[in-house]
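Hello,

Here is the structure I promised to pass on. Please open it alongside this email; my notes follow below.

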Amino acid sequence: MSATPSIYSSPHVPRCGIGFMMMRSMRQHALSSIIAIVCVALATGLTISVVSINAQAYKVFTGGQAGFDAVLGARGSQLQLVLNAVFHLETSPGNIPWSLYQAVKKDPRVELAVPYALGDNYNGFRIVGTTEELFTKFEFEKGRKFAIAPGGRMFDTTRREAVIGSFVSRQTGLKVGSNFNPFHGLNFDPKAKHDEVYVVTGVMEPSNTPSDRVIWIPIEGVYRMEGHVLRGADKEFKPAAGEEIPDEHKEVSAVMLKLRSPQGGFSLEQMINKQGKVATLAFPIGRTMADLFDKMGWVNRILGLVAYLVAVVAAGTILASIYNTINERRREFAILRALGARRRRVFTAIVAEASTIAAIGAAAGLLVYLGILGVAAKIVQAQTGVVLDLMFPHQILYLAPLGMIALGALAGIVPAIKAYGTDVAENISPTS
Amino acid sequence: MPLLEINNLTKSFAAPSGEKTLIVDVPSFSLEEGAQVALEGASGSGKTTFLNLIAGILQADGGTIRVAGQEMTALAEPGRDRLRAATIGYVFQTFNLLQGYTALENVALGMAFGRGVDGPHALALLQRVGLNERMTYRPRQLSVGQQQRVAVARALANRPRLVLADEPTGNLDRHHAREALKLIREVCRENGAALLLVSHDHEILGQFEDVHKISEFNRAAALENLPAEQKGEGPK
């Protein structure tokens, strides 16, 4: 028997270690293993998605991409003001006179003041009247200004010209040279079409900010749009073609402010919000949004709880999938034990099997997360212009898979104990 | 020194009523290195229990079992597992092959817990039992006779010094039973392993020179064979 032909040195004789035994077991109970893996993948994917999307949303909406420090607008809700002016989501709380814009622009505490006037849309995308400073002076991130893609240019403030956000261009098909008619109101109503025709002179490079969803036109264009009435002074004013608009009639929906220092912001806030009665200053923008997130925190807590419950259910599935096979595998364990396998080895093989199912599921969970985030990112971008990052670094990316593996190993202990206690003599053969 | 030496071995089991029933009571038994001995016993005579005690699968209530110079009865369970894996091969009546494993993997498992897997030896054993063409087959894909041959190869895989065979031909027809027995005896002889086989099949037992009735050395089995009134039970 010891003389062995050379072909028998073939390497495919297994070592029969714990890994091999585990894989054989998983193959033998493939269906229950696959179901458990799918459950773990969904649980891991959901947990990561809930935590990651929440963290990203918090970061983005609490000032990460606002660029401005404060928003000045009509007396009312700071939150409405921020949602309207920064994220282009809410209705405008009203207008403030041009004089207030000029006053705040000259204020030494203010580094940059950019007026917004709005009231129209194109196919649901907001048309915002503003000044060139938004493109020439404003930095939405340190060192990054809004840029116009090659082939385009800035609008001429004396013409009916528009620069459109990259997302608007993609969604509407408008490009440099395209003409369009604005529609009255912030919500699209096909019957509310203005007669004015605007031409697109530039498409913005993607900035991954809410501005990608906006059509920018000269602020004068808003004032002169047919049907718009200026109420800056006591009486209504409708400018005639070519007529210069006196400043006292002009209004703005909001003034976006970049401040020289946070202290300046606090004293401005004191002056405008506490002592004044005409306007509201939302400062800091991040705090306003953080207040919203805090108020909505219970939603995230519920979502988190659901995700963790799903994780526990997944662990339960692992437990059930292995536990249910233990009875039919008692004989298998008894045979292994009769061949000399220690109880500890059988125990370890079961825990390793549960951990491996959890590990494969957790790895697949990362793919589930990418899938969920991919869909969520599209929805968030369509609604807000904000782009969620698939590779957003967050500790949940490794904590959730590691936690799931630990939970899986824990779930494996119960069936492992049952397997550990298998009586060899009772299960190995009929007694004679 | 004999390969297997047993003194005053006892084992009882508790009945559902709680009453203890003595199954094995062996004052003395021994087996020499390389010997081939058959034990004859009726169903319920404690044959399997006796083999399980020798293999260390069951813990004795009293007495000693020495296998290859080591006292099995003095060892804790892990020690008995190690000794079994290193020195004993076991052939079962129901073959006890693992269904999820191929023939080759089943044979390799026979080595995995002892000296470690020796691939060429596993392959050579399968060739020896005539299954070199079927090594990647799973048990369900093999005939009953082929399954028993895999079980024999597995029992010999770890180069044991003692092979225990519990009704190894019980599930085979006459023809296959004769072939299986011949194979077990030959392979044990070739490997220098002693063979202790239990059976109640007279044709099988007839092929052994050394046959012992289990009741000759197991006093509990002898008691079992007595009429009920002589065992002290009396008519009810």
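α3(B) and α4(B) make a right-handed crossing. Bear in mind that this is a predicted model. The two helices cover residues 103-112 and residues 119-128 of chain B. Their axes come within 9 Å and cross at roughly 125°.

Which residues make the contact? From α3(B) come B:Ala103, B:Leu104, B:Val107 and B:Met111. From α4(B) come B:His121, B:Ala122, B:Leu123 and B:Leu126. By class, that gives seven nonpolar residues, one polar and no charged ones.

Chain A has a helix pair to look at too. Helix α11 spans residues 343-384, and helix α12 spans residues 396-420. Their axes lie 7 Å apart, and the packing angle is about 150°. Angles over 145 degrees count as roughly antiparallel, and α11(A) and α12(A) are therefore roughly antiparallel to each other. The crossing of α11(A) and α12(A) is right-handed. Their contact has 21 nonpolar residues, three polar and two charged.

Next, the nonpolar cores. The largest has 94 residues. Which of them touch the most other members? They are B:Leu4, B:Phe50, B:Leu162 and B:Leu196. Take B:Leu196. Leaving out residues up to four places away in sequence, B:Leu196 touches B:Leu4, B:Phe50 and B:Leu162, among others. Its contacts also include B:Phe29, B:Leu31, B:Val37 and B:Leu39. Further along the chain, B:Val163, B:Leu164 and B:Ala165 are among them as well. Another core, of 43 residues, lies apart from the largest one. Its members include A:Phe138, A:Phe146, A:Met154 and A:Ala377. As background, nonpolar side chains tend to be buried together in soluble globular proteins.

B:Glu5 sits in strand β1 of chain B, residues 4-14. Where sequence neighbours up to four places away are not counted, B:Glu5 touches B:Phe29, B:Ser30, B:Thr64, B:Ile65 and B:Arg66. Look at B:Arg66 in that list. B:Glu5 and B:Arg66 are 61 residues apart in sequence, yet their C-alpha atoms are 5.1 Å apart in space.

Best wishes

Technical notes:
Residues numbered from 1 in each chain as written. Chains lettered and ligands numbered in written order. Predicted model: local features only at pLDDT ≥ 70, side-chain atom pairs only at ≥ 80, totals over all residues. Heavy atoms only, no water. Axes fitted to C-alpha atoms, helices over the stretch in contact; angles between N-to-C directions. Helix = DSSP H or I, 4+ residues; strand = E, 2+ residues; numbered from the N terminus. Parallel < 35°, antiparallel > 145°, perpendicular 65-115°, else oblique. Left-handed = near helix turned anticlockwise from the far one by under 90°. Nonpolar A, V, L, I, M, F, W, Y, C, P; charged D, E, K, R; others polar. Contact = heavy atoms within 4.5 Å. Core = buried A, V, L, I, M, F, W, Y, C linked by side-chain atoms within 4.5 Å. Buried < 20%, exposed > 50% of the residue type's maximum accessible area, 1.4 Å probe, protein only.
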